[in-house]
Amino acid sequence: MEDRSDLYDLYTTNAPPPWEDPQHQCLEDQDNVECLRRKIKYYFMNPCEKYHARGRKPWKLILQIIKIAIITIQLVSFGLSNQMVVTFKEENLMTFKHLFLKDYADGGMDSYAVYRQADVYDHIDYIIKQYGHLHNITVGNLAYEKKGDFYTPLSVCQDFYRNGTIFPGNDTFEIDAHVETECFEVYPMYNPSLQETLPHFELHFKRMLSVKVTFVLKAINLQTVRNRELPDCYDFTVIITFNNQAHSGRIKIDLENDVDINECRDWKVAGASARNIYLTVLFDCLIIITCIASLALCTRSVINGIQLQFAYTLYSQNRCGQKVPWSDRLEFVNGWYILIIASDTLTIVGSILKIEIQSKVLTNYDLCSIFLGIGTMFVWTGLIRYMGYFRKYNILILTLRAAFPNVIRFICCAGIIYLSYCFCGWVVLGPYHEKFRTLNTVSECLFSLINGDDMYPTFKNMKQKSSLVWVFSRVYLYSFVSLFIYMILSLFITIITDTYDTIKQQQLSGIPTSELQKFMSVCKDLPNSGMYRLEENSCFLNCCVNRCRKHQETHQERLTSEA
């Protein structure tokens with residue numbers, strides 16, 4: 001009992017126990033802080049330095065190089081296949097214009113119109129006859145759409161005002177704004193003239209808004225067989241519109257083509273093996289697996305960066321009493337990893353769509369090309385990250401990153417002025433200049449002027465029908481060019497130049513500019529020093545949170561005992 005009381009008295013004295021010795025705690029804290037510095041410095045090393053520091057092979061770098069090669073091959077292969085699809089669509093559209101538009105000439109859709117009533121009936125009659133003789137006149141593999149045992153008909157629909165009496169000579173009119181639609185159907189394989197097919201068909205020219213001739217044709221794209229791909233079956237919905245909404249005496253004729261790509265129901269390809277198709281699918285599966293591995297590695301690196309950021313923030317708040325700014329916190333979130341994660345996600349989705357297109361489950365080439373195109377663009381953009389490890393190339397990345405906030409604010413202010421010019425030019429100059437007819441064309445025209453393109457034609461093509469508008473156009477164009485080229489564009493270049501000079505001076509001086517950089521600069525351990533191969537369990541990152549909790553619990557117990 002006495003021994004126990006002596007032992008109890010020994011530990012209840014005011015002297016701190018050995019593990020609470022201030023000098024012992026100071027040495028332990030110093031080791032933890034050095035370990036934290038070492039971990040943060042290791043996180044920001046390039047792959048070669050990490051290899052010398054811990055002997056870990058740069059798997060992410062090797063994987064990115066392999067991924068760039070195979071994704072580029074995949075994109076080129078899909079681009080060539082998609083090019084055949086687009087060519088087939090465009091050439092069929094041109095075929096329909098020559099088959100069904102009377103006296104059509106290439107490039108003449110802007111001026112293709114009729115001006116007499118007899119010409120309107122003549123053009124509709126021509127369309128019906130050509131549709132009926134399709135098998136005898138076309139050189140392609142076009143065919144009528146068939147539902148069951150019957151072919152789908154050609155439809156002629158007329159939109160017109162319900163009632164109306166118009167007397168321009170007396171400056172009087174009476175019109176009912178309700179629009180009625182009158183449709184007639186003409187079945188193929190029977191090809192008489194318009195009067196024989198539709199004897200009661202009559203156009204109400206004074207009330208007519210439009211006449212639409214609609215029919216569906218089918219075709220098969222056989223050119224894919226040469227590339228060892230299964231052909232697709234196409235449904236072309238042809239819409240020929242006689243537009244009379246302006247009632248100006250000029251009826252414009254337009255031909256549109258809506259395309260649906262379907263899987264062929266019954267097919268057989270002789271003299272070709274399906275082996276290439278299976279190899280293509282396996283290659284796409286390899287890309288998916290590679291992207292999943294890259295996605296996992298980059299996600300792990302992002303998580304490690306967030307954990308380091310949490311540890312550094314905790315150290316600054318509990319040990320130094322400082323609040324870490326967001327600029328230092330965002331340093332731990334590597335934007336290049338985020339870009340690679342987005343690229344991998346897009347490539348995986350695009351590859352899945354490509355496999356379904358290859359197996360003819362889906363036929364949406366446009367959606368697949370968007371995913372693969374953006375994914376490949378992000379992959380190649382991610383290469384700049386590795387170029388940034390070289391000091392001479394890193395200045396471009398640092399300049400873009402430092403100037404980005406100021407550039408965004410500058411673009412927002414300049415964009416307001418740009419939109420004001422767009423709206424003003426559209427309203428005032430739209431009726432007199434073809435480049436200002438719509439907001440889209442106005443924006444494109446003004447953007448071209450900023451780049452110094454197409455200036456003289458823009459000034460010259462202004463119609464001098466109104467002297468007031470013509471004078472306004474000169475003031476408008478001269479002020480826009482002077483403001484944006486000589487002032488706004490120059491200020492924009494100045495922002496980039498000043499940021500570049502600042503970054504260059506910082507690199508030459510070598511002085512740390514942020515608290516995080518000052519914190520890491522204390523660590524002088526080289527990658528090949530062997531200090532980075534220490535056990536991770538002894539590092540600050542794994543025990544920092546527990547030690548802080550321990551300090552808080554000890555402090556709480558002291559407050560409770562004093563109370």
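Mentor: A helix here is a DSSP run of H or I with at least four residues, a strand is a run of E with at least two, and both are numbered from the N terminus. The model is predicted: local features need pLDDT of at least 70 and side-chain atom pairs count only at pLDDT 80 or more, while totals for chains, interfaces and linings use all residues. Residues are numbered from 1 along each chain as its sequence is written, and side-chain values use heavy atoms, with hydrogens and water left out.

Trainee: Where does UniProt place the feature "transmembrane region"?

Mentor: The unreviewed UniProt entry gives residues 277-297, 335-355, 367-387, 407-429 and 475-496. Such positions follow the numbering used here, feature names are shortened, and annotations may be inferred rather than shown by experiment. In the model, residues 335-355 are 100% helix and 0% strand, with end C-alpha atoms 30 Å apart. Residues 475-496 are likewise 100% helix and 0% strand, and their end C-alpha atoms lie 30 Å apart.

Trainee: What makes α10 roughly antiparallel to α11?

Mentor: The axes of α10 (residues 335-358) and α11 (residues 365-387) come within 8 Å and cross at roughly 150°. Angles over 145 degrees count as roughly antiparallel (under 35 is roughly parallel, 65 to 115 roughly perpendicular, the rest oblique), so that name applies to α10 and α11. The axes are lines fitted to C-alpha atoms, for helices over the stretch in contact, with angles from 0 to 180 degrees between N-to-C directions.

Trainee: How many aromatic pairs does the structure hold, and why is the one between Y121 and F205 called edge-to-face?

Mentor: The structure holds 22 aromatic pairs. The centres of Y121 and F205 are 6.0 Å apart, with 80° between the planes. Rings of Phe, Tyr and Trp (its six-membered ring) pair if their centres lie within 6.5 Å; planes under 30 degrees apart are stacked, over 60 edge-to-face and the rest tilted. Y121 lies in α5 (residues 117-132) and F205 in the loop between α7 (194-197) and β9 (208-220), so the pair ties together parts 84 residues apart in sequence.

Trainee: Why is the pair of F480 and F484 called tilted?

Mentor: The ring centres of F480 and F484 are 4.6 Å apart and the planes stand at 35°, so the pair is tilted. F480 and F484 are 4 residues apart in α15 (residues 467-509), which means they are separated by about one helical turn. Both residues are buried.

Trainee: Which residues form one aromatic cluster?

Mentor: The cluster consists of F88, F96, F100, Y131, Y144, Y151, F215, Y234 and F236.

Trainee: What is the phi of D103, and what makes D103 exposed?

Mentor: Phi of D103 is near 55°, a positive value in a residue other than glycine. D103 lies in the loop between α4 (59-100) and β1 (113-114). The relative accessible area of D103 is 69%, so D103 is exposed. H247 has a positive phi, near 50°, and is also a residue other than glycine. H247 belongs to the loop between β10 (233-243) and β11 (251-262). At 33% relative accessibility, H247 counts as partly exposed.

Trainee: What makes T214 partly exposed?

Mentor: T214 stands at 23% relative accessibility and therefore counts as partly exposed. T214 is in strand β9. T214 and I240 are 26 residues apart in sequence and 6.5 Å apart in space, C-alpha to C-alpha.

How values were computed. Buried < 20%, exposed > 50% of the residue type's maximum accessible area, 1.4 Å probe, protein only.
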